[in-house]
Amino acid sequence: MSCAWQRRLNRLSATVGERIPEPVQLYSLITLTFVLHEPDPASGDCACCTVVWPCDIVRHAYRLREGF
Ligand SMILES: [Zn+2]
């Protein structure tokens, strides 16, 4: 999967956030974020954002997940 998916997810998440949150849908989006934003074993950077892992998106996903 690629970062194009992440951009699509971000738009979906924004849409979900504007309405009443759907916990199951939101949880699956968070899970997919963790799959996409894994640390690169070679560099230690996020494989999707290429910044030091955990990137902002992963941090945000962790905070969201704490709400479940
Ligand atoms: Zn990332």
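Reader: Where is proline 54 found?

Author: Proline 54 is in the loop between helix 2 and helix 3. The model is a predicted one.

Reader: What joins tryptophan 53 and proline 54?

Author: A cis peptide bond joins tryptophan 53 and proline 54, with omega about 0°. Most peptide bonds are trans.

Reader: Which pattern does the chain follow along the sequence?

Author: The pattern is α-α-α. The chain has 3 helices and 0 strands.

Reader: How confident is the prediction, and where in the chain is confidence lowest and highest?

Author: The mean pLDDT of the chain is 84, and 84% of the residues reach 70 or more. Confidence is lowest in helix 1 (residues 3-18), at a mean of 72, and highest in helix 3, at 92. Where pLDDT is low, the predicted coordinates should not be read in detail.

Reader: What is aspartate 40 in contact with, leaving aside its neighbours within four places in sequence?

Author: Aspartate 40 is in contact with Asp45 and Ala47, once those neighbours within four places are left aside. Aspartate 40 and tryptophan 53 are 13 residues apart in sequence, and their C-alpha atoms are 8.4 Å apart in space.

Reader: What makes threonine 50 count as exposed?

Author: Threonine 50 has 12 C-beta neighbours inside 10 Å, and therefore counts as exposed. Threonine 50 is also placed in the loop between helix 2 and helix 3.

Reader: What is the phi of threonine 50?

Author: Threonine 50 has a positive phi of about 55°, although it is not a glycine. Most residues other than glycine have a negative phi.

Reader: Why is proline 23 called exposed?

Author: Proline 23 has 10 other C-beta atoms within 10 Å, so proline 23 is exposed. Proline 23 lies in helix 2. Proline 23 and glycine 67 are 44 residues apart along the chain, and their C-alpha atoms are separated by 9.9 Å.

Reader: What makes valine 35 count as exposed?

Author: With 10 C-beta neighbours inside 10 Å, valine 35 therefore counts as exposed. Valine 35 also lies in helix 2. From C-alpha to C-alpha, valine 35 and cysteine 48 are 9.8 Å apart in space and 13 residues apart in sequence.

Reader: How do the axes of helix 2 and helix 3 cross?

Author: The axes of helix 2 (residues 23-36) and helix 3 (residues 56-65) come within 10 Å and cross at roughly 145°. The crossing is left-handed. Helix 2 contributes Ile30, Thr33 and Phe34 to the contact, and helix 3 contributes Ile57, Val58, Ala61, Leu64 and Arg65. These residues divide into 6 nonpolar, 1 polar and 1 charged.

Reader: Which residues make up the largest nonpolar core?

Author: The largest nonpolar core has 5 residues, namely Ile30, Cys46, Cys48, Val58 and Ala61. Cysteine 46 touches His37, Pro39, Val51, Trp53, Cys55 and Val58, not counting residues up to four places away in sequence.

Reader: How much of the chain is buried?

Author: Buried residues make up 12% of the 68 residues in the chain. Among contacts with a separation of 6 or more, 37% come from residues 24 or more positions apart.

Methods. Residues numbered from 1 in each chain as written. Predicted model: local features only at pLDDT ≥ 70, side-chain atom pairs only at ≥ 80, totals over all residues. Axes fitted to C-alpha atoms, helices over the stretch in contact; angles between N-to-C directions. Helix = DSSP H or I, 4+ residues; strand = E, 2+ residues; numbered from the N terminus. Left-handed = near helix turned anticlockwise from the far one by under 90°. Contact = placed C-beta atoms within 7 Å. Nonpolar A, V, L, I, M, F, W, Y, C, P; charged D, E, K, R; others polar. Core = buried A, V, L, I, M, F, W, Y, C linked by C-beta atoms within 7 Å. Buried ≥ 20, exposed ≤ 12 C-beta atoms within 10 Å, placed from the backbone. pLDDT = per-residue confidence, 0-100.
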